[in-house]
Amino acid sequence: MEESRKLICSRCQVEMTPAKAYFSYLDHSFHTDLLRCPRCGQVFIPEELVKGKMQEVEMALEDK
Ligand SMILES: [Zn+2]
């Protein structure tokens, strides 16, 4: 993943900073890195990241 990807909070016009986030889906949970606004706390979750993770979980379930 590219570290240099910058994102600006549309509300505060400040640069979002990397943060750890915790998800759970279908009884599976995982941590991921995403960007968070240091001022208002809004998080940016790339859609492809969420979809990729969910696909991983679904594939893991099918293996059983
Ligand atoms: Zn903000």
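Donors are N, O and S atoms within 2.8 Å of the metal (3.2 Å for Na, K and Ca); water is not among the atoms, so sites may look incomplete. In sequence, the zinc donor residues follow the spacing C-x2-C-x24-C-x2-C. This is a predicted model: local features need pLDDT of at least 70, side-chain atom pairs count only at pLDDT 80 or more, and totals for chains, interfaces and linings use all residues. Residues are numbered from 1 along each chain as its sequence is written, and side-chain values use heavy atoms, with hydrogens and water left out.

**Zinc site**
- Cys-9, Cys-12, Cys-37 and Cys-40 coordinate the zinc ion through their SG atoms, at 2.3 Å.
- The arrangement is tetrahedral because the four donor atoms subtend angles of 105 to 113 degrees around the zinc ion (for four donors, all angles must lie between 85 and 135 degrees).
- Cys-9 and Cys-12 are both buried (under 20% relative accessible area, 1.4 Å probe, protein chains only).

**Fold**
- The chain has one helix and three strands (DSSP runs: H or I of at least four residues for helices, E of at least two for strands).
- Their order along the sequence is β-β-β-α.

**Shape and packing**
- The radius of gyration of the chain is 14 Å, while a compact globule of 64 residues would have one near 11 Å (taken over C-alpha atoms; the globule rule is 2.2 Å times the number of residues to the power 0.38).
- The C-alpha trace spans about 45 × 20 × 15 Å along its principal axes.
- Of the 64 residues in the chain, 23% are buried.

Technical notes: Four donors count as tetrahedral if all angles lie between 85 and 135 degrees; four count as square planar and six as octahedral if opposite donors are over 155 degrees apart and all others between 65 and 115; anything else is irregular. Buried means under 20% relative accessible area, exposed over 50%, partly exposed in between (1.4 Å probe, protein chains only).
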